[in-house]
Amino acid sequence: MHVCSFIMLLYILPNSCWLKMDKNFIWSFLGPVCFILALNMILFIKIIITLNSALKNLNAEVSQMKQTKILVFKTLAQFVVLGCSWILGFFTNDSKVLEILFLILNSQQGTFIFLIYGVLNNEIMQQYRKFLRCLCCIRQH
């Protein structure tokens, strides 16, 4: 028997997990998660307030609807970046659907950060367009 198979077998056994449900030992893991989620909520509310005031002061000519759309998008983006997946992870108890959703969202957090701060950022997109135009111009000559 290989070492990896043995370790995997021990991990799968129902009485081998270090997060035991008896005597509230699970809170040794859930306690710090709750603290981090509370801290993230405080930061999330602060970001919403800051974004709202920044968008109001940005340009008086921009319509209220456009400001609202920008605020909602940026708020949802921050919600994803600050770890909305851990909220799901907190409530997964015996739900396989929530566990799978938690794993998918949590494993893709780096992808979400890249999309939000890279691909969907207007300044970065303009630089990509500028680079691609220069690249196309070089090939034509």
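Visitor: What share of the 141 residues in the chain do buried residues make up, and what makes a residue buried?

Guide: Buried residues make up 17% of the 141 residues, where buried means under 20% relative accessible area with a 1.4 Å probe and protein chains only, exposed over 50%, and partly exposed in between. This is a predicted model, in which local features need pLDDT of at least 70, side-chain atom pairs count only at pLDDT 80 or more, and totals for chains, interfaces and linings use all residues. Residues are numbered from 1 along each chain as its sequence is written, and side-chain values use heavy atoms, with hydrogens and water left out.

Visitor: How many helices and strands are there in the chain?

Guide: The chain has seven helices and zero strands, a helix being a DSSP run of H or I with at least four residues and a strand a run of E with at least two, numbered from the N terminus.

Visitor: Why are the buried residues of α6 said to line one face of the helix?

Guide: In α6, which covers residues 109–119, Gln109, Ile116 and Gly118 are buried. Seen down the axis of α6, these buried residues fall within an arc of 165°, so they line one face of the helix; the arc is taken from the directions from the helix axis to the C-beta atoms.

Visitor: Which residues does UniProt list as "transmembrane region", and what is the helix content of residues 29–49 and 100–120?

Guide: The unreviewed UniProt entry lists residues 29–49, 70–88 and 100–120, although such annotations may be inferred rather than shown by experiment. Residues 29–49 are 100% helix, with end C-alpha atoms 31 Å apart, while residues 100–120 are 90% helix, with end C-alpha atoms 27 Å apart.
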